[in-house]
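Subject: Structure for your review

Dear colleague,

Please find below the structure that I am handing over to you. My findings follow it, and I would be grateful if you read them with the model open.

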Amino acid sequence: MKNAENIIETRQQTAKLIVDVILNKITVLDALKSFPKESSDPSVKTCFHILVHYESDEELRKKDPLYKETQDEFLVETAETLLKGDPLPVNIIKEYQDFYQNDLFYPEMTKENILKRLRKFINL
């Protein structure tokens, strides 16, 4: 029972980070630094990738209002799902697992480590 409670709490913590990003209370970088590092939950790991994509799509979001709206709705739906303690749909998890073979988590979530990893995945 304790493990299930931890998963729910971790999902809710992750959802709050996403909400704070959506509301511009924190930056994506701050959210990534605050991400639960010990979680083995695929939903939480997927959300890390989702936020990385959100950050890397900044220019596209400025140019394409429909893309921005769609991405924002996706983030809201993701946060709502996790706030309830529910897992993300399997197709979303699979989409991100197929895209990333490596885990994005670092032992130390420093600005330098995050930027290195972002550059690797967005071809900078």
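How much space lies in the largest pocket? The volume comes to about 230 Å³. Please bear in mind throughout that this is a predicted model.

The lining of the largest pocket

The lining of this pocket consists of 13 residues. Those nearest the centre of the pocket are V21, N24, V28, Y54 and R61. Sorted by class, the lining holds six charged, five nonpolar and two polar residues. Four helices each contribute at least two residues to the lining, namely α1 (2-22), α3 (42-56), α4 (58-63) and α5 (65-83). Which helix gives the most to the lining? That helix is α4, with three residues.

One of the residues nearest the centre, N24, deserves a separate look. N24 sits in the loop between α1 and α2 (28-33). Its phi is near 60°, a positive value in a residue that is not glycine. For comparison, most residues other than glycine have a negative phi. Is N24 buried or exposed? The relative accessible area of N24 is 65%, so N24 is exposed, the cut-off being over 50%.

The chain as a whole

The protein chain contains seven helices and zero strands. Read from the N terminus, the order of elements is therefore α-α-α-α-α-α-α under the numbering used here. The chain has 124 residues, and 39% of them count as buried. Its accessible surface is about 7,700 Å², with 52% of that area belonging to carbon and sulfur atoms. Consider next the contacts between residues at least 6 apart in sequence: 62% of these join residues at least 24 apart.

Helix α3 and its buried residues

Helix α3 has 15 residues. From its first C-alpha to its last, α3 reaches 21 Å, which is close to the 21 Å expected at 1.5 Å a residue. The buried residues of α3 are S43, V44, T46, C47, F48, H49, I50, L51, V52 and Y54. Y54 is also among the residues nearest the centre of the largest pocket.

Once neighbours within four places in sequence are left aside, S43 is in contact with R11, L82, P87, L88 and I93.

I50 also lies in α3. Why does I50 count as buried? The reason is its relative accessible area of 3%. Not counting residues up to four places away in sequence, I50 touches F74, L75, T78, L88 and Y96. I50 and I18 are 32 residues apart in sequence, and their C-alpha atoms are 9.5 Å apart in space.

A residue of helix α6

E95 is located in helix α6 (residues 90-99). With a relative accessibility of 53%, E95 counts as exposed. E95 and T46 are separated by 49 residues in sequence, and the distance between them is 9.0 Å, C-alpha to C-alpha. T46 is one of the buried residues of α3, whereas E95 is exposed.

Yours sincerely

Technical notes. Residues are numbered from 1 along each chain as its sequence is written. This is a predicted model: local features need pLDDT of at least 70, side-chain atom pairs count only at pLDDT 80 or more; totals for chains, interfaces and linings use all residues. Side-chain values use heavy atoms; hydrogens and water are left out. On a 1 Å grid over the protein atoms alone, a cavity is a set of points where a 1.4 Å probe fits but cannot get out, and a pocket is an open set with protein on both sides within 12 Å along at least five of seven lines; lining residues have an atom within 4 Å of a point. Grid points are joined across faces, edges and corners, and a volume is the space filled by probe spheres set on the points. Ala, Val, Leu, Ile, Met, Phe, Trp, Tyr, Cys and Pro count as nonpolar, Asp, Glu, Lys and Arg as charged, and the others, Gly among them, as polar. The expected span of a helix is 1.5 Å times one less than its number of residues. Buried means under 20% relative accessible area, exposed over 50%, partly exposed in between (1.4 Å probe, protein chains only). Contact means heavy atoms within 4.5 Å. Accessible areas come from the Shrake-Rupley method with a 1.4 Å probe; for residues, only the protein chains shown count as cover.
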